[in-house]
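This report walks through one structural model.

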Amino acid sequence: MKLKPARMLSEVLTHLFKKPATSGYPFEKARVTARFRGRIDFDSGKCIGCQMCVRVCPSKAIEIPLSEEQFAAPPVQQGQPAVPAKKQFDCIMKLGSCVYCWQCAETCPKHALITTQDFELAQIDPSKLVRHYK
Amino acid sequence: MSKITIPLGPQHPALKEPENFMLVLEGEQIENATINLGYNHRGMEKAAEERTFIQNMYLLERVCGICSHSHTTCYVTNVEEAAKAEVPERALAIRVLVGELERVHSHLLWLGVAAYEIGFETLFMYTWRDREQVLDCLELLSGNRVHYSINTIGGVRRDITPEQKNEVLKRINFLEERTKYYIKVATEEPTVRARAANVGKLPYEVALERGAVGPTARASGVKRDVRKDAPYLLYDKLDFNLITHDSCDVFGRVVVRALELMESYKLIKQVLNYLPEGPLTVKVPPRIAPAEVVNLYEAPRGEDIHYLKTNGTDKPERLKVRAPTLANLQSVTYMLEGGWLADVPLVIAAIDPCMSCTDRAMVYDRKTDKTQVYDWEDLRRLGIEAYKRKGVDFSKF
């Protein structure tokens, strides 16, 4: 095979007149695609407390405890059996453990876990990484 | 001249991952090389036994950052085979597509690493800049640059829309042009040739004898590629060439990987134009009847083997991973022996090592001549005790 010295010289010279390939983050906002997997949000009104997300999570990052405040049971209608109140659930999400696979959101039968595109989640105080959604 | 033994690693500027090579030197020449594994053992196989099949998907994705799709595809094929599930063809096509994009990203990364070890930093910067294009493709399709998580048991999680197809094709065409240029640079530039030719020689017979896999074997003229030998997914329907080179040195490994990039572009275009209509997943029950399965996968570094034993529960009884680097490490000692000390980083980098994927440990008691297997709780307890002796207390966590 024929050897050609300084094969890259012309390429290097043309790069003198090109814009940098890197972006100016954090001064310039970073773009993510529509399918990017970010932080998981929680909608307490939809959650039925089935714990499917807790069981499926590969990094044990979710807990679904009962809320401290519960709704009172609806008043008993005459001639009808008493209806129990709908239970309220909280969500404790450990962002430090989460691997952002979105398996919980896909498993949730009521779509109570909401997917977002948030990715700027770094914290100096580790306790702030545990989010308590009510 | 007196012989001197020097350790290379586990912490060494030339190695990106912790691994130890004991080199016996006579002057500048290496007389003998031994590899010591086990500095980065993570106990993943044991951890997999404690998790359900779906949780293991995300654990095994983290065996290796660069071949994350290879490991999950191999594992998920095992699970589907054990559960006797028929995966839809569209899902298989998407798996091939992501697998080939992953190969492109891995080979471009390696080309940069090799250029860096050669001392050709311009080529390193250019290949890594262009690699962003393929990483963007992967983020566009799967939602993440590295851990794609596109596989699920019974199919794939994300579909491909026509807009995405056009976007991927646009980027692949750009990369194809760039790769043609890099092939010219790698083969015609005298600096690359002077540094890489006749370094780390691995003759055909030795490559066969030591069981080299992937591009390392193909650069020694061994026609070995799982995609051709035992086609999985859709590879038997696709048209591509098996690239070999007979120079048996680091230069051959550069050429094989660069030419394989062109084959991967060809495969990506074929799959994007093929994409059969149909569902993305089939339902697989969470509990899987007792079965034993083995599957092979051609990862960017070579043949990846997964073994799975199920026992009727929702967790595997045994999972075994044989990463390609473990097979290639046998050849590294041969390549190093007789070579020069200055060539060591280049020769090690030439097999595209992924030490963390490879690391494994077994407990062998020399006094009683017994091997012992620890379970998850034992390993955790031993770990906490070992750190306590060093003055760190993890028992509270």
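The side chains of Glu106(A) and Arg157(B) form a salt bridge, with an N to O distance of 2.9 Å. Side chains of opposite charge can pair when their charged atoms come close. The model is a predicted one. Between chain A and chain B the count is two salt bridges.

**The interface**

Polar contact between chain A and chain B extends to 17 residue pairs, both residues being at pLDDT 80 or more.

Together the two chains bury about 2700 Å². Carbon and sulfur atoms carry 49% of that area. Which residues of chain A lose the most area to chain B? They are Met8(A), Arg35(A) and Arg37(A). These three together make up 29% of what the chain A side buries.

**Salt bridges**

Over all chains, the structure holds 34 salt bridges. One of them joins Asp118(A) and Arg39(A), at 2.8 Å from N to O. This pair links distant parts of the chain, 79 residues apart. Asp118(A) sits in the loop between strand 4 (113-115) and strand 5 (130-133) of chain A. Arg39(A) sits in the loop between helix 1 and strand 1 (40-42) of chain A.

The two pairs described here are listed below.

| Glu106(A) | Arg157(B) | 2.9 Å |

**Backbone details in chain A**

The loop between helix 1 and strand 1 also holds Pro26(A). The peptide bond from Tyr25(A) to Pro26(A) is cis, with omega near 10 degrees.

Where does His111(A) lie? His111(A) is in the loop between helix 3 and strand 4 of chain A. Its phi is positive, about 55 degrees, although His111(A) is not a glycine.

**A nonpolar patch**

Leu9(A), Leu13(A), Leu16(A) and Phe17(A) make a nonpolar surface patch of about 500 Å². Leu9(A) belongs to helix 1 (residues 9-14) of chain A.

Conventions:
Residues numbered from 1 in each chain as written. Chains lettered and ligands numbered in written order. Predicted model: local features only at pLDDT ≥ 70, side-chain atom pairs only at ≥ 80, totals over all residues. Heavy atoms only, no water. Patch = residues over 30% accessible without salt bridge, like charges linked within 9 Å, V, L, I, M, F, W, Y side chains within 5 Å. Areas by Shrake-Rupley, 256 points an atom, 1.4 Å probe, with all protein chains shown as cover. Salt bridge = Lys/Arg side-chain N within 4 Å of Asp/Glu carboxyl O. Helix = DSSP H or I, 4+ residues; strand = E, 2+ residues; numbered from the N terminus. Buried area = accessible area lost by both parts, 1.4 Å probe. Polar contact = N/O pair within 3.5 Å; in protein donor to acceptor, adjacent residues only side chain to side chain.
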